[in-house]
Amino acid sequence: MNDVVIRKAVLEDCVPMLELIRELAEYEKALHEVTVTLEEFIDAGFGDAPIWGAFVAEVNAEIVGISLYYNRYSTWKGRRLYLEDLVVTERMRGKQIGKKLFDATVEFGKSNNYSGMMFQVLYWNEPAINFYKKYHPKFDNEWLNVSIDFKDGSWNKQQEVEN
């Protein structure tokens with residue numbers, strides 16, 4: 001598909017990017033988990049201290065895919081790129097757009113002296129797993145994903161139980 005343009009995201013891309021993120025969450029049956037506001041998303045990407053970057057894929061001036069990443073640091077490996085989301089809208093899948101976005105992200109990491117890139121994929125998402133396998137990644141079966149949510153109050157509830 002030659003009419004795909006891959007470029008760095010700009011502020012004006014935030015609305016369609018967030019729509020793609022919601023589309024991914026719906027695919028993963030977790031739309032209710034998307035709680036980020038547009039304002040927070042914009043500030044985190046384009047505010048005074050941006051923490052994420054992204055590439056977008058455009059076809060006929062419409063954003064049809066994104067690759068959103070941020071910096072991660074490993075005390076063992078140094079600077080790593082973390083791929084948070086690679087999303088191509090459903091009607092445009094199978095047209096090599098995801099590959100172009102992924103390749104642009106890998107090239108960004110390599111050219112900026114990152115030691116590698118990390119990402120997650122759901123165990124049941126066979127199309128995504130098969131896509132990533134083409135890049136010969138190392139799948140980790142030893143580490144568990146762990147998170148603590150500060151905004152929902154669960155952190156404070158746990159502290160109260162322990163005290």
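Reader: Hi! What should I know about the model before we start?
Author: It is predicted, so local features need pLDDT of at least 70 and side-chain atom pairs count only at pLDDT 80 or more, while totals for chains, interfaces and linings use all residues. Residues are numbered from 1 along each chain as its sequence is written, and side-chain values use heavy atoms, with hydrogens and water left out.

Reader: Thanks! Which residues of H1 are buried?
Author: Cys-14, Met-17, Leu-18, Leu-20, Ile-21, Leu-24 and Ala-25. Buried means under 20% relative accessible area with a 1.4 Å probe, protein chains only.

Reader: And where do they sit around the axis of H1?
Author: They fall within an arc of 155°, so they line one face of the helix. The arc is taken from the directions from the helix axis to the C-beta atoms.

Reader: What do those buried residues pack against?
Author: Helix H2 (38-46) and strands S2 (53-59), S3 (62-74) and S4 (78-88). Contact here means heavy atoms within 4.5 Å.

Reader: Which residue follows H1?
Author: Lys-29 follows H1, and its phi is positive, near 60°.

Reader: Let's switch to H3. Which of its residues are buried?
Author: Ile-97, Gly-98, Leu-101, Phe-102, Ala-104, Thr-105, Phe-108 and Gly-109. They cover an arc of only 160° around the axis, which puts them on the same side of H3.

Reader: Nice! What are the partners of that buried set in H3?
Author: The buried residues of H3 pack against strand S1 (4-8), S2, S3, S4, strand S5 (117-119) and helix H4 (126-133).

Reader: Last one: what comes after H3?
Author: Asn-113, with a positive phi near 65°.

Methods: Buried < 20%, exposed > 50% of the residue type's maximum accessible area, 1.4 Å probe, protein only. Helix = DSSP H or I, 4+ residues; strand = E, 2+ residues; numbered from the N terminus.
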